[in-house]
Amino acid sequence: MKYTPIPLALAAAAFLQACAGIDNYAAPAAARAANPEAACQALVGMRIDKAAIGLPTAGASVTSAVLVKATDAGNAAGEYCRILGEIKSVDPKAQGIGFRVNLPSNWNGKALQFGGGGYDGVLPNTVGPAPLGHYAKPSPLASGYMTLGSDSGHQHPDSNDASFGLNDEQLLNFAHMHIKKVRDVAFGLAKARYGSGIRRMYFAGGSSGGRAASMAALKYPESFDGVLVNYPVSNFTEVRSWGASLRAAIYDDNSAGWIPPALVTKIAADTRAACDELDGAKDGLVSNMAACRARSAAYLASITCKNGETGSPAHCLTPTQIARTIKVYHEGYTVPYAFANGVKTYRGYNILEGSSMAIGSQPKYLEPPTSGPNAHHVARADGFFKYIIARDPKFSMTTYDVQNPGPHLNRLLAVSEMLDATHTDWTPFFRKGGKVLLVHGLDDVSLSPYQTVDHYRAMVAKMGQETVDKSLRFYLVPGLGHGIGDFLLSWDNLSVLDDWVDKGVAPPAAPIAYDSSKANLGRSRPLCPFPTWPQYSGSGSLNEAASFRCVN
């Protein structure tokens, strides 16, 4: 590997002074630890040759390096060197990959790479907790981890913008290549700053970042030791196709399937209240989801418009709303072709079990559809089909049929192979000792938790329960949504993962999970491994994990 720090001469005097009295100057780590500011400044302008990056690039460079001191206002991460830089694209028309790497002065020899969200386009927060990490404990950076992240290879402040997909290299970088490229750059920076490579490399993310965490393990198993996979959009192509299905269900026939916001709120409130105590505790959380879903048909019957009612005022659902919008939202869809890895079905959401639909505030369909006035998933799908599938900014989803994509089918399936992290054989990652903590929330209405359940079961069918249990834990969490929720999970996930990888200590049978939501900050529950869920034991505080047990 070839690394060429440009301003080496400027830093030489500082390094030599720091090394005074050291017999062997071939130990640069000691010198740099003695003068972290000089070591940080020495990285300004550093270039990393393309040969040192495991995928095609035109090399990388550091554009700034600033020592952030522990005493700086607002800094709770301890002293570190903040590196900003760019990985140059091979295609001169493609944007580069913007990256940030934080090099702590008290480095523990390990690194955590953060994933982004949506369609990315901005740098993720790399100084805070790991996604769903413990809110009250020191951040990974403060604990001595190098932390890093990128914009995945395009720059746009709106993470809903998918226009980057018009360029092949940008799309491949977003799909998974940015993961490896930024990881390799971080290795070069570690060697330049500390004199050694990274001993343990982890990846953590939620949503699109959760998909990226899975891709890190699947595509680059030799480059990562463990991954935190939270509510992953692993079925990326399927969920965007679900958004196109939702568009037809809601807006076709003069928006006959649109449901007014007041009725959306009523459905969520009614069903949550009816199912809250099925786990033995009146705590605002639906934990016994199977029992709750068994009641959905009866609830629908009770709220169906009768005797010629039209649903206005909004107190009942018309047969059209039920047959189209509720069906797609609650049950999902099945297509007559296969996405990557044989997936044909996208499962629905718990919208008749207390979760709230994102239908939009108005029945009028905008062109392009806009999240808020229109259904959120419809707006997300629009950019996907415009820029990634049709690759035509003038394309309208009103012409697209999910059941029969016609001339778009081959492109759809090719993109599915590129973007979807639905592979069931994780053997290469598991064989080298890689570990996975997989988390999804039952209240998620962005990515169906049942897609993750199906994926987990497919992994077990492929590799066997014993093999999966040796390397992966899956937790399905009541009350947790898509990075939000009435139980906003917070737990010491990075420490659990690191102990498993580095010390061979498997996760506890039921780790303690804390709620970081403002309404219930600090309440706890056992984090129950799938397929178990937390049931109230009948005595003790509803705010304490000790009052609950994991049952099947």
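**Exercise 1.** In this predicted model, which residues line the largest cavity, and how do they divide by class?

*Solution.* 
Step 1. List the lining. Leu285, Ser287, Leu476, Val477, Pro478, Phe487, Ala513, Arg525, Pro526, Leu527, Cys528 and Pro534 line the largest cavity.
Step 2. Assign elements. Strand E13 (472–477) and strand E16 (524–526) are the elements that give two or more residues to this lining.
Step 3. Sort by class. The lining has 10 nonpolar, 1 polar and 1 charged residues. Arg counts as charged, so Arg525 is the charged one.
Step 4. The largest cavity holds about 90 Å³. With a cut-off of 30 Å³ or more, the model has 3 cavities.

**Exercise 2.** What is the volume of the second largest cavity, and which element supplies the largest share of its lining?

*Solution.* 
Step 1. Take the volume. The second largest cavity contains about 70 Å³ of space.
Step 2. Find the centre. The lining has 13 residues, and Phe114, Gly115, Gly116, Ser150 and His178 are the closest to the centre of the cavity.
Step 3. Assign elements. At least two lining residues come from each of strand E6 (110–114), strand E7 (146–150) and helix H5 (208–219). H5 supplies the largest share, 3 residues.
Step 4. Sort by class. This lining divides into 3 nonpolar, 9 polar and 1 charged residues.

Technical notes. Residues numbered from 1 in each chain as written. Predicted model: local features only at pLDDT ≥ 70, side-chain atom pairs only at ≥ 80, totals over all residues. Heavy atoms only, no water. 1 Å grid on protein atoms, 1.4 Å probe; cavity = no way out; pocket = protein on both sides within 12 Å on 5 of 7 lines; lining within 4 Å. Points joined across faces, edges and corners; volume = space filled by probe spheres on them. Helix = DSSP H or I, 4+ residues; strand = E, 2+ residues; numbered from the N terminus.
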